[in-house]
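Load the model in your viewer and keep the selection panel open. We will go stop by stop.

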Amino acid sequence: MGSHRDGRIVPGEYLVRTGYAVGGDDGCIADARHRVAAFLDQAAHDHHVSVSADARYLTQLVVSELVTNAYKYAPGPVLMEMRITVSTVEVLVWDSDSSIPRARAADPSRIGGHGLEIAKAAAEGFEIQREQAGKRITARIALTNTVGGAATAPRADHRHLA
């Protein structure tokens, strides 16, 4: 997953990834944000991945919005996977509802209902895929901030975070 056998890092391949089932209680959204922070911290420590403060904040924001929507609108389990490539952190959230959500038109007077538009605006890449059962939403956030910080090249490794 993270590299070829000769140690070269290949763009688009995952350097590290992890996943877990999101609990169905009221604390699951905060738990998801904490897990993202721990994942990014471990990637920085173990794989020398440089994650800007903006990227960390945006990743937690996107996770919060996607898990909130899944928790509110989909019956049953929610699964989350986090992956890091050379330049991005990817967050995948799967839920059991096969309905494809649509971002509403911007309306500053509307209370609530902004989660999908926030997640789409914060991500540099965003996809929704209907699955055989449910749907998967993938958001990609650049590891560097928009001010021009640079990510250091992570060490190639095949290990997965637990």
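**Stop one: the pocket**

Select α2, β3, α3 (115-122) and β5 (135-142): each supplies at least two residues of the lining of the largest pocket. Helices (H or I, at least four residues) and strands (E, at least two) are DSSP runs, numbered from the N terminus. This is a predicted model: local features need pLDDT of at least 70, side-chain atom pairs pLDDT 80 or more, while totals for chains, interfaces and linings use all residues. Residues are numbered from 1 along each chain as its sequence is written, and side-chain values use heavy atoms, without hydrogens or water.

The largest pocket holds about 440 Å³ of space. Its lining counts 24 residues; Asn 69, Tyr 73, Pro 101, Arg 102 and Leu 116 sit closest to the centre. A pocket is an open set of points on a 1 Å grid over the protein atoms alone, where a 1.4 Å probe fits, with protein on both sides within 12 Å along at least five of seven lines; lining residues have an atom within 4 Å of a point. The volume is the space filled by probe spheres set on the points, which are joined across faces, edges and corners. Now colour α2: seven lining residues, the largest share, come from there.

**Stop two: helix α1**

Select residues 28-47. This is α1, with 20 residues. Its buried residues (under 20% relative accessible area, 1.4 Å probe, protein chains only) include Ile 29, Val 36, Phe 39 and Leu 40. Show β1 (16-22), α2 (53-73), β2 (78-84) and β3 (88-95): the buried residues of α1 pack against these. Step just past α1 to His 48, where phi is positive, about 55°.

**Last stop: zoom out**

Follow the elements from the N terminus: β-α-α-β-β-α-β-β.

Technical notes
Expected span 1.5 Å × (residues − 1). Buried < 20%, exposed > 50% of the residue type's maximum accessible area, 1.4 Å probe, protein only. Contact = heavy atoms within 4.5 Å.
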